[in-house]
Amino acid sequence: MEKIKYLLFLDDIRDPFENDGEWLVFSPFGGTRDFQTIWVKSYEEFIKWIKENGLPDGICFDHDLGEDIAIEMVSNGTNKKVARKIKKEAPSGFDCAKWVIEYCMDNELDFPKYNIQSANPVGKDNINGIIQSYRKFKDREDV
């Protein structure tokens, strides 16, 4: 029996199951849909899932998290400036990537396959940069 692949989809806004899974085009597994998707919307949910289940086979990262909370706060009457400040203080996908790197180092694991669906080009570059730096570091250590 073949092992089920797990994709951890980190995004506070984009629903990976909506419109026949159109956001799953960002899956690091290529064109296949031969995996189970777990949708997490925050840093806390992301960390909790990995601590309870172990490292997934793949991760899709969004950078800017907290937009859903900010939208809800404004709709409930919170000042937009206050909501924006709270959103800005929320941990990001970059923080999640750093946490996974620490987890991999602590458990002597390779970083899983990944992709980044963030609309924030600087955030996307930062996530990709830290993961690539870790992979280069790990490759040097393995020699």
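**Close-up views of a predicted model**

View 1. Helix 4, with 15 residues, reaches 21 Å from its first C-alpha to its last, close to the 21 Å expected at 1.5 Å a residue, where the expected span is 1.5 Å times one less than the number of residues. Helices (H or I, at least four residues) and strands (E, at least two) are DSSP runs, numbered from the N terminus. The model is predicted, so local features need pLDDT of at least 70 and side-chain atom pairs count only at pLDDT 80 or more, while totals for chains, interfaces and linings use all residues. Residues are numbered from 1 along each chain as its sequence is written, and side-chain values use heavy atoms, with hydrogens and water left out. At the N-terminal end, Ser-92 caps helix 4 through a side-chain oxygen that lies 3.2 Å from the backbone nitrogen of Phe-94. Glu-108, which follows helix 4, has a positive phi near 50°.

**View 2. The buried residues of helix 4.** Among the buried residues of helix 4 are Trp-99, Val-100, Ile-101 and Tyr-103, where buried means under 20% relative accessible area, exposed over 50% and partly exposed in between (1.4 Å probe, protein chains only). The buried residues of this helix pack against strand 1, helix 1, strand 3 and helix 5, with contact meaning heavy atoms within 4.5 Å.

View 3. In helix 1 (residues 43–53), Phe-46, Ile-47, Trp-49 and Ile-50 are buried. Seen down the axis of helix 1, these buried residues fall within an arc of 160°, so they line one face of the helix; the arc is that of the directions from the helix axis to the C-beta atoms. The face turned away from the buried side carries the exposed residues Lys-48, Lys-51 and Glu-52. Just after helix 1, Gly-54 takes a positive phi of about 90°.

**View 4. The largest nonpolar core.** A nonpolar core is a set of buried Ala, Val, Leu, Ile, Met, Phe, Trp, Tyr and Cys residues joined through side-chain atoms within 4.5 Å. Of the 24 residues in the largest one, Leu-8, Phe-46, Ile-50, Phe-61, Val-100 and Phe-111 touch the most other members. Helix 4 supplies the largest share of this core, seven residues. Not counting residues up to four places away in sequence, Val-100 touches Phe-46, Ile-50, Leu-55, Ile-59, Phe-111 and Pro-112. Apart from this core lies another, of six residues, among them Leu-24, Phe-29, Phe-35 and Cys-60.

Notes. A polar contact is a pair of N or O atoms within 3.5 Å; within protein, one must be able to donate a hydrogen and the other to accept it, and residues adjacent in sequence count only if both atoms are side-chain atoms.
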